[in-house]
Amino acid sequence: MTASICTESAPAGNISARGAKEAPRVVLVLPAYLPESFGGAQQQSRRFATLLAGQGIQATILAPRTFADTPGHEVKDGVRIKRFTLRSFPNLGGRHFFSFLWWTLRIIWWLWLNRTDYDIVHVIHARLHAVGPVLGSRLVGKPCIIKFGRGGSEFDIDVVERKRLLGPQFASIIKRYTTGFVANSAEMTTDTARHGIATERVYRIPNGAILPPEKRSDRPAPSNPVFLFMGRLDKGKAIDVMLRSIAASHADIPLRLMIVGDGPEREALVALTDELRLNERVEFTGRMEDVTPAILKADFYLSTSLSEGMSNSMLESMSFGAIPIVTRVSGVEDMVSDDKNGFLFEAGDTASCAEAIRRAAALSPERYLEMSDEARNTISRNFGLDMVVERHLELYRGLIDKNATAAQ
């Protein structure tokens, strides 16, 4: 079973029941957002919403806040941001169940109170936090789409089903009442079929990156290459594998590694860095709201993640010409061809990661430039964020139009 691709636009001037010439008004819902989380999904959503606003689309972001100094309301780059105060992020469940429950009630109430101010709800990831927007949008008769976050064993709906407290019931709500799903990798389309989600409800739209005006540089990889990782420091990213692979490689290669991000594993990873005597090779930068300076220093992008959807950090790094060295997980092989525009290795395998690092560092200057150019061209051809925004607008208009027709 193959997922459908959104290719049909709504007829011109028939965007919604509000008026012939009015653009869709979009509510984006996230389980965490800047400045409390600087992950790829948050960065992608910020750029996506900013581009929507730049086209005259009313975009509103709904997210939690867990710190008192995080603004409850603000407008940035034309995007309205509303945050609901919680003790913990609403996608966690378990001992954080009451935060999820309070979030769900607040989201449903907000969507009801503001039902005349938006046309479609777009949820980022199909985890527990999606239950509220799915039910709220159904209550007010508005379409709701969900963009999946990960594929394979960590596919969003599988994660929800594994929750001990009402997990299967919440997963059923998400599957039954969501208008449409956005899958950004081939593996995700297989996952949706496995869950019995009809093909016509699934739309293949990739993640995207804004192509910078120029490459990182046209210099060949230096004799002391810089490797970069960007993301949340949690167990799913397997940064311990990355550090052990660097330790296995650095005796032969005078390399450096920048780790951009923060998370629950940071202290353990810093301790492991010390244990492996990598302190002079590895830099933990912490969170960076603007990651461009880090990318500009990087020759390679390195990821040991055990699961992904379609890595925004990898997309952005490739757009600057950094060559990816990444695990074979969901979304990766849609972008990276081994020895053509990057290097692939098996997830969780320190030996194969170290070997990929050695292969990358051994590139001749001419071959390095060829692969760097191909990495950047891959993004330019297939993963430009402008194209991704247009595909989503096409999807919004089609679903809003269909919903308006059905309501008549």
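Guide: A crossing of two helices is called left-handed if the near helix is turned anticlockwise from the far one by less than a right angle, and right-handed if clockwise. The model discussed here is predicted.

Visitor: Which hand does the crossing of helix 10 and helix 12 have?

Guide: The crossing of these two helices is left-handed.

Visitor: At what angle do the axes of helix 10 and helix 12 cross?

Guide: The axes of helix 10 (residues 312–319) and helix 12 (residues 365–382) cross at roughly 115 degrees and come within 7 Å. Helix 10 is therefore roughly perpendicular to helix 12.

Visitor: Which residues meet there?

Guide: From helix 10, L315, M318 and S319 meet A375, R376, T378 and I379 of helix 12. By class, this contact has four nonpolar, two polar and one charged residues.

Visitor: Turning to the sheet, what is the order of its strands?

Guide: The order is 11-10-9-12-13-14, in an open sheet of six strands with parallel pairing. Strand 11 (282–286) and strand 14 (343–345) stand at the edges, and each has a single partner strand, so one side of each lacks a neighbour in the sheet. From one strand to the next, the twist averages 20 degrees.

Visitor: How many bridges join strand 9 to strand 10?

Guide: Five bridges join strand 9 (residues 226–230) to strand 10 (residues 256–260). M230, for instance, has V260 in strand 10 as its bridge partner.

Visitor: Where does pLDDT stay under 50?

Guide: That is the case over residues 1–21. Where pLDDT is low, the predicted coordinates should not be read in detail. For the chain, the mean pLDDT is 89, and 93% of the residues reach 70 or more.

Definitions and conventions:
Residues numbered from 1 in each chain as written. Predicted model: local features only at pLDDT ≥ 70, side-chain atom pairs only at ≥ 80, totals over all residues. Heavy atoms only, no water. pLDDT = per-residue confidence, 0-100. Contact = heavy atoms within 4.5 Å. Axes fitted to C-alpha atoms, helices over the stretch in contact; angles between N-to-C directions. Helix = DSSP H or I, 4+ residues; strand = E, 2+ residues; numbered from the N terminus. Parallel < 35°, antiparallel > 145°, perpendicular 65-115°, else oblique. Nonpolar A, V, L, I, M, F, W, Y, C, P; charged D, E, K, R; others polar. Pairing = 2+ DSSP bridges.
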